[in-house]
Protein chains: 2
Amino acid sequence: MARPRTFDEDRALDAAMRAFWANGYEATSTQDLCAATGLGRSSIYNTFSSKHDLFKRALARYIDLMTIPQIALLEDPELPPAARIRALFERIVDAEFALRPEGRSIGCLTVNTIVELAGRDPEAAAMVGRDQEIRLVALRGVLAAGQRSGEIASRRDPGDLARFLNAVIGGMRVAAQGGADRAALEAVAATALDALAP
Amino acid sequence: MARPRTFDEDRALDAAMRAFWANGYEATSTQDLCAATGLGRSSIYNTFSSKHDLFKRALARYIDLMTIPQIALLEDPELPPAARIRALFERIVDAEFALRPEGRSIGCLTVNTIVELAGRDPEAAAMVGRDQEIRLVALRGVLAAGQRSGEIASRRDPGDLARFLNAVIGGMRVAAQGGADRAALEAVAATALDALAP
DNA sequence: CTAATTTTGAACCGATCAATCCAAAACCAC
DNA sequence: GTGGTTTTGGATTGATCGGTTCAAAATTAG
């Protein structure tokens, strides 16, 4: 009944997500988004109503792409609790160096969003807040299971341990963006696991 | 021989630092800087040649104000090594809630700069990189001393332990900006210290 | 084919960006 | 006081910002 689109919305969203991820919200202009997606302004504003809406959708997509598999890892019934946590850290280190043949990491879009936007963008803050909450619940679950099975010797509150691991993950992302190499990140992860031992 | 300034350069720099700290580099306009400092555009451009130069000076000032006392804490000969590290964490938690009667923390300008700018501003990247290096050296020193004295049981490489603590500090800053309260940060710090025990 | 509907590209919008210019005001040395 | 020098505020610059408009192009239904 009418002219169809010549582009794939999900691919465009993906490209926009990468642009925001690499350069941040403010430093990504609508021109940059046109260049990254290969779309014209009209197509972008027709499909995603504004730069801010596009960012929200890109952030939601990023969270889906990243958090859901990580939660699945933490809830993998095939692995004992401690191994699931090790697998999570491995995945995070791998991701930090996957899309980066050389040069700095671009970090993690949720961490970047917390730092750049959470203070003055309530919608973005709510999205990353929900994400953090979900991650903390999953971490708490696997940590409590590890304590019950005896794999995790620490008697600290599982919620506190979860917040600790989550903070370490955020710190690793910042360190990677600051130029840390793979060995440094692996050492940080390994040392963090020591805190579950005592 | 000529008209003197009616403002204090250091006070202006301080106000600019706070503006960049709270809102980031991109989101702080030159108008914002005028409002924050109380200066006119001419005075700002006369004194600090550009927005970017002003940012560099603000960042340098922040590093001086924050890192130097922290290094001093870590090298305090009055305290045993483990106590110095605990004092550092205390100071960081305090700082995170000091200038914030309510609402979110504005985090740490060096962390914010790593996340927002390090990827595309080599000068800013070099400044925060130097700062991180200095912090790591000091941490390594106190950690090695703790290992020698037996206070720190972990036999991991002191450099790795230093990178771990530094990552935790960064993660705490991100967590605070994400809305974590004081108790959460204190739990993270306490748990991080567990990693030095085993 | 035509009519209806949507996408698309380009021109365009006012607002704001960082930065500059300039003349008036303010000060010091003399 | 006067001359020389700097600061200061306000107007202004061209560029770019996010966003809109509009007509031509493209497509399908009939």
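## Residue classes and the model

Ala, Val, Leu, Ile, Met, Phe, Trp, Tyr, Cys and Pro count as nonpolar; Asp, Glu, Lys and Arg count as charged; the others, Gly among them, count as polar. The model described here is predicted.

## The surface near DNA strand C

DNA strand C is surrounded by 24 residues. The closest are A2(A), G40(A), S42(A), R3(B) and S29(B). Two or more residues each come from α3 (41-47) of chain A and from α2 (30-37), α3 (41-47) and α4 (51-74) of chain B. The largest share belongs to α3(A), with four residues.

What is the make-up of this surface near DNA strand C by class? Seven residues are nonpolar, 11 are polar and six are charged.

## Helix α1 of chain A

Helix α1 of chain A covers residues 9-23. At 1.5 Å a residue, its 15 residues should span 21 Å. The end C-alpha atoms are 21 Å apart, so the span agrees. After α1(A) comes G24(A), with a positive phi near 90 degrees.

Which residues of α1(A) are buried? They are A12(A), A16(A), M17(A), A19(A), F20(A) and W21(A). Their cover includes α2 (30-37), α4 (51-74) and α6 (109-116) of chain A.

## The largest nonpolar core

In soluble globular proteins, nonpolar side chains tend to be buried together. The largest nonpolar core here has 116 residues. Those that touch the most other members are V168, M172 and V188 of chain A, and V168, M172 and V188 of chain B.

Take M172(A). Leaving aside residues up to four places away in sequence, M172(A) touches I92(A), L185(A), V188(A) and A189(A), and also A167(B).

Definitions and conventions
Residues are numbered from 1 along each chain as its sequence is written. Chains are lettered from A and ligands numbered from 1 in the order in which they are written. This is a predicted model: local features need pLDDT of at least 70, side-chain atom pairs count only at pLDDT 80 or more; totals for chains, interfaces and linings use all residues. The expected span of a helix is 1.5 Å times one less than its number of residues. A residue is buried if 20 or more other C-beta atoms lie within 10 Å of its own, exposed if 12 or fewer, and partly exposed in between; C-beta atoms are placed from the backbone. Two residues are in contact if their C-beta atoms, placed from the backbone, lie within 7 Å. A nonpolar core is a set of buried Ala, Val, Leu, Ile, Met, Phe, Trp, Tyr and Cys residues joined through C-beta atoms within 7 Å. A residue is near a molecule or strand if its C-beta atom, placed from the backbone, lies within 6 Å of it.
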